[in-house]
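Describe the fold of this protein in a short report.

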Amino acid sequence: MADTINSVSGTSNPYEKTYYTATSNDKNTLSITDFFQLLATQLQYQDPTSPMDNSELMNQMTQMAMMQSMTSMTEAIDASTATSAQTYAGSLVGQEVTVAVVKENSYGQEEPTGVKYARVEYVNFTKGEPVFKVEGDDKEHPLSHLVGVGKVPDPYNKEVDNEQEGPGGDSEGSGDNGEEGPGGAEGPGTV
């Protein structure tokens, strides 16, 4: 009998990451029409010996009006944000960008491991969030993988940081860009 229960967590793997996102639907959303129907029902069935207080009624109506205003404002901000993201993403076409190279870690999350430099070929808006494709790469990248426009130094390469530290932890800056470090030509450790 215990063989028939595959899982209690709703998945075959209890460690599998699942997400629930509350979305608006008929069962979890109260519209203004629903609110007035509830209010009318409440007034219809109230006790005549102790009727609803006028201030309580006004408070409920004010709260519903505020919720409607906040919902409208949130929708307007979401639309504005989406438009801004699309405009920004569209402006990247032809630009040289720095893109994070990611790999999946043991938890199934993307983890940056380095960067690559390339020009943006196109931006695709059909997948909801804008994604861009760079030259020489078959993969489309979300805007969250964009490190910067131009050649941004690799913030994920820890080996470069270790190589630049001299004795005693002094940063001598002998990077591959040909510039002298903060110590200058006459700094510590130079002859």
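In this predicted model, 18% of the 191 residues of the protein count as buried; a residue is called buried when its relative accessible area is under 20%. The accessible surface of the protein comes to about 14,700 Å², and carbon and sulfur atoms account for 53% of that surface. Contacts can also be sorted by separation along the sequence. Among those between residues at least 6 apart, 44% join residues at least 24 apart.

The secondary structure consists of three helices and five strands. Along the sequence, the elements follow the pattern α-α-β-β-β-β-β-α.

In what order do the five strands lie in the open sheet? The order is β4-β3-β2-β1-β5, and the pairing is antiparallel. The edge strands are β4 and β5, each of which pairs on one side only. From one strand to the next, the twist averages 50°. In general, the strands of a sheet pair through backbone hydrogen bonds, and the pairing can be parallel or antiparallel.

| Strand | Residues |
|---|---|
| β2 | residues 110-124 |
| β3 | residues 131-134 |
| β4 | residues 140-142 |
| β5 | residues 146-149 |

Strands β2 and β3 run antiparallel and are joined by four bridges. Tyr122 has Lys133 in β3 as its bridge partner.

How values were computed:
Residues numbered from 1 in each chain as written. Predicted model: local features only at pLDDT ≥ 70, side-chain atom pairs only at ≥ 80, totals over all residues. Heavy atoms only, no water. Helix = DSSP H or I, 4+ residues; strand = E, 2+ residues; numbered from the N terminus. Buried < 20%, exposed > 50% of the residue type's maximum accessible area, 1.4 Å probe, protein only. Contact = heavy atoms within 4.5 Å. Areas by Shrake-Rupley, 256 points an atom, 1.4 Å probe, with all protein chains shown as cover. Pairing = 2+ DSSP bridges. Axes fitted to C-alpha atoms, helices over the stretch in contact; angles between N-to-C directions.
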